[in-house]
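Subject: A structure for you to explore

Hi there,

Here is the structure I promised you, with its sequence. Have a look around it first, and then read my notes below.

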Amino acid sequence: MTVNTQPTAERPDPRAYGLPVVRQSEIPAELRSLVSRVHDLIDAVANTEADTETLAEAARTVEGLTAGLNVARRQIGTMVKRDEDLPEEAAEFGTITNIVAGDTNPAAPPLTLHRTPEGLRGEVTLNTVYQGPPGLVHGGWIAAMLDQALGSASSIEVHPGLTARLEVNYRNPTPLFTPLEITSRVDRVDGRKVHVSGEIRAHGKVTAEGTALMILIKG
Ligand SMILES: CCCCCCCC(=O)SCCNC(=O)CCNC(=O)[C@H](O)C(C)(C)COP(=O)(O)OP(=O)(O)OC[C@H]1O[C@@H](n2cnc3c(N)ncnc32)[C@H](O)[C@@H]1OP(=O)(O)O
């Protein structure tokens, strides 16, 4: 059961802090396609054993592409507005290049979380880019995914906040190339302090669990 499905206050509008906002539906299909291809490129580069001529040509090509894309860059802190069907005061915002969930970040899996009657839930499958021990997800990345899921629970169920404390218990190895289920929820709200918890599961078995204290941003 969710503890609180009503925001404690109207959500802060990033535009009031000078941050640009892009609607999720405004992200061009061509950019989404590019992000997806570069996501695959990162994995290919990380694992290639191609000959040196192929590598040198790829480096020149990528250098040229990078220069072309850098001609027009977004402002740091650009936000994306999700759940566009929700009323304006209930809209959810996230940073567009968020390393875990950012729409335009090719290094993000990305992790997409949806509301459920119990809190939030998402699924993600990770390749070797996220590898720590052989065949397993890096522990720091596990913490990052939990941080995102716990922070989003606070943001969506209560109000956006910053992580003041995060504790992770690594119960079992988290495998690569395996659908991971990520769940999170708000356990308790005490003024600006929001206590949240969540888990990562593989094949139904908990591999990691996290608890965090989120401090709601003022305003
Ligand atoms: C959709 C979005 C998903 C995002 C997911 C990702 C989330 C993140 O990664 S956020 C980035 C990582 N976190 C940070 O950078 C935060 C850095 N820390 C800070 O900026 C500040 O310490 C901050 C904002 C957490 C708290 O500062 P401030 O707003 O001044 O609050 P402050 O007055 O000190 O504390 C408020 C209350 O919280 C308590 N508190 C604050 N920090 C802690 C802590 N670490 N442990 C326990 N209690 C704490 C205080 O004791 C106080 O309690 P009370 O009201 O009972 O006296």
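Let's start at the ligand: 15 residues surround it, and the closest are G151, S155, L162, A164 and I215. Here a residue counts as near a molecule if its C-beta atom, placed from the backbone, lies within 6 Å of it. Please keep in mind that this is a predicted model, where local features need pLDDT of at least 70, side-chain atom pairs count only at pLDDT 80 or more, and totals for chains, interfaces and linings use all residues. Residues are numbered from 1 along each chain as its sequence is written.

Which elements supply the shell around the ligand? At least two residues each come from α3 (139–157), β6 (161–170) and β9 (205–216). The largest share belongs to α3, with 5 residues. These names refer to DSSP runs numbered from the N terminus: helices are H or I with at least four residues, and strands are E with at least two. By type, the shell has 4 nonpolar, 7 polar and 4 charged residues. In this count Ala, Val, Leu, Ile, Met, Phe, Trp, Tyr, Cys and Pro are nonpolar, Asp, Glu, Lys and Arg are charged, and the others, Gly among them, are polar.

A residue is buried if 20 or more other C-beta atoms lie within 10 Å of its own, exposed if 12 or fewer, and partly exposed in between, with C-beta atoms placed from the backbone.

Now for the strands. An open sheet of 3 strands runs in the order β1-β2-β3, with mixed pairing; two strands pair if DSSP finds at least two bridges between them. Its edge strands, β1 (21–23) and β3, each pair on one side only. Within this sheet, β2 (residues 79–82) and β3 are antiparallel over 4 bridges, and K81 has F93 in β3 as its bridge partner. Elsewhere, β4 and β5 also pair in the antiparallel sense over 4 bridges. A hairpin of 2 residues joins them, and T116 stands opposite G119 in β5.

A few backbone details are worth a look too. Most residues other than glycine have a negative phi, and most peptide bonds are trans. F177, in the loop between β6 and β7 (180–190), has a positive phi of about 55° although it is not a glycine. H203, in the loop between β8 (193–202) and β9, also has a positive phi, near 50°. Are these two buried or exposed? F177 is exposed, with 9 other C-beta atoms within 10 Å, and H203 counts as exposed with 11. The peptide bond from P109 to P110 is cis, with omega near -15°; P110 sits in the loop between β3 (92–95) and β4 (113–116).

Finally, UniProt lists residues 135–203 as "domain: Thioesterase" in an unreviewed entry. UniProt positions use the numbering here, feature names are shortened, and annotations may be inferred rather than shown by experiment. Over residues 135–203 the chain is 28% helix and 45% strand, with its end C-alpha atoms 16 Å apart.

Happy exploring!
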